[in-house]
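Please keep the model in view while reading.

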Amino acid sequence: MEQSDGSVNRASGGIAGECDIILAQTDKAQEAWEFLSWWTSEKTQIEYARELEALVGVEARWNTSNVNAFHSLNWDSEDVRVFEEQWKWAREIPVVLGGYYTQRYVNNAFNSVVVSGSKTPRDALEEAVKEINRELKMKQDEYGVTGNE
Amino acid sequence: MIAPFFIFFAVFTLLPVLIALVISFTDYNMFQEMEFVGFSNYELLFLDDRIFMTALGNTFVFSLVVGPVGFFLSFFAAWVLNQLKMRNAFALAFYAPSITSGIAMSVVWSYIFSPDRYGLINNLLINIGIIDDPILWTQDPNYILPVIIVVAIWMSMGNGFLVFLAGMQNISPGYYEAARIDGIGSRFQELKYITLPLMKPQLLFAAINSVTTSFGVFDVSVSIGGFPSPNYAGHTIVAHLYDYAFVRFQMGYASAIAVVLFVITYALGRLLMRLLSNQNDY
């Protein structure tokens, strides 16, 4: 998407990321932290990735959690540059209360205009916006974000 | 003596229904405390929820088609099969779709109904020349419900099938011989005067089964139409319930939907019993 000053905004979301969490209710928080620090450390990740590739083959070359470890694997240096550039543009859609409604109604609007042709774009989007706002507001009220319990 | 059965029944059937009933009068989202709100869930459900009306309509259309048609198809299949020689092989072939899970079968069917050029039906129609562009079976709101109905009919052929087959084999051939002597001519007369009256319990069981399970359709509609389907075209009551329970985390409202579904299926079951059962004390 070209921006007003000529640069191209390559932001895209939908990244299938994984993350590790430590639950607040656990009584072994310190051990969990140490374990995760060890697991995501550069050395461990490199070792794991190399062993996996040695066992299974080139298809098992995976995306390590540790960025430094990623460099030490057998990726093409050209590929690594492209990946790093891509990572800079990775931006996820923010999750809000009731956010599932946005995708749903945008899809519905798209569908009613393009696929079944039953609505004009203006009608479809207007209804979609109305419904989305209604649901967002309802969820915010429910969880007390706006203060109107 | 009936204690073991009653305990199981109470714990696994009665108790969840009662709990659903209780929760349906509250506002509960599992993170905050349960708040008693009286009938407001039901008010919203019947007066203000257009998606629920769509879901009700979809489910009723679905059940009215799939219930009776599946019922008749399985009866017809059992009747035809009863007179063939290789009964067991055919019976297995008919019953196999029902044993496999709905989602597995839907994957197969979604290949047939795939909305691009390579889906089997689209490919066939394009090759013959009937259409130019592929029909968007699973994305066009006009086509989603018929597609789900077709798949569900296919999957429900085995529902009452075994029961019918067993019932038919239980009718002793003496009846047929006596009828032949009395002058029955065609097979249809046989069917009408001997087979059907003697199979009333099986008919009742299969009818109730097929109608009530077709009201609870969810996995077929979700794996073909997606969740939620475009413009809620394939949205069924249970899909609506799932939406409210597991996407929006409004347990009270979802329980209200569940109670409504329970009342509908119960009423239909009683109606069928009155129509089809033998004894008067049902």
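**Helix packing, cores and chain contact**

In chain B, B:Lys200, B:Leu203, B:Leu204, B:Ala207, B:Ile208, B:Val211, B:Thr212 and B:Phe215 of H11(B) meet B:Leu261, B:Ile264, B:Thr265, B:Leu268, B:Gly269, B:Leu272, B:Met273 and B:Leu276 of H14(B). Two residues are in contact if their C-beta atoms, placed from the backbone, lie within 7 Å; helices are DSSP runs of H or I with at least four residues, numbered from the N terminus. The contact of H11(B) with H14(B) comprises 12 nonpolar, 3 polar and 1 charged residues (Ala, Val, Leu, Ile, Met, Phe, Trp, Tyr, Cys and Pro count as nonpolar, Asp, Glu, Lys and Arg as charged, and the others, Gly among them, as polar).

The model is predicted: local features need pLDDT of at least 70 and side-chain atom pairs pLDDT 80 or more, whereas totals for chains, interfaces and linings use all residues. Residues are numbered from 1 along each chain as its sequence is written, with chains lettered from A and ligands numbered from 1 in the order in which they are written.

The axes of H11(B) and H14(B) are 10 Å apart, at an angle of about 160 degrees (axes are lines fitted to C-alpha atoms, for helices over the stretch in contact, and angles run from 0 to 180 degrees between N-to-C directions). The two helices H11(B) and H14(B) are therefore roughly antiparallel, a term for angles over 145 degrees.

A second pair consists of H3 (residues 50-82) and H13 (residues 237-247) of chain B, which pack at about 145 degrees with axes 8 Å apart. Here B:Ile51, B:Phe52, B:Ala55, B:Leu56 and B:Thr59 of H3(B) meet B:Ile237, B:Ala239 and B:His240 of H13(B). This contact holds 6 nonpolar, 2 polar and no charged residues.

The largest nonpolar core has 60 residues, of which B:Val147, B:Ile148, B:Val151, B:Ala152, B:Ile237 and B:Ile257 touch the most other members. Such a core is a set of buried Ala, Val, Leu, Ile, Met, Phe, Trp, Tyr and Cys residues joined through C-beta atoms within 7 Å, buried meaning that 20 or more other C-beta atoms lie within 10 Å of a residue's own. H3(B) supplies the largest share of this core, 11 residues. Beyond its neighbours within four places in sequence, B:Ile257 contacts B:Leu45, B:Ile237, B:His240, B:Leu241 and B:Tyr244.

Between the chains, the contact takes 9 residues from chain A and 10 residues from chain B. Helix H5 (residues 100-115) of chain A gives the most to the chain A side, with 7 residues.

Key:
Buried ≥ 20, exposed ≤ 12 C-beta atoms within 10 Å, placed from the backbone. Parallel < 35°, antiparallel > 145°, perpendicular 65-115°, else oblique.
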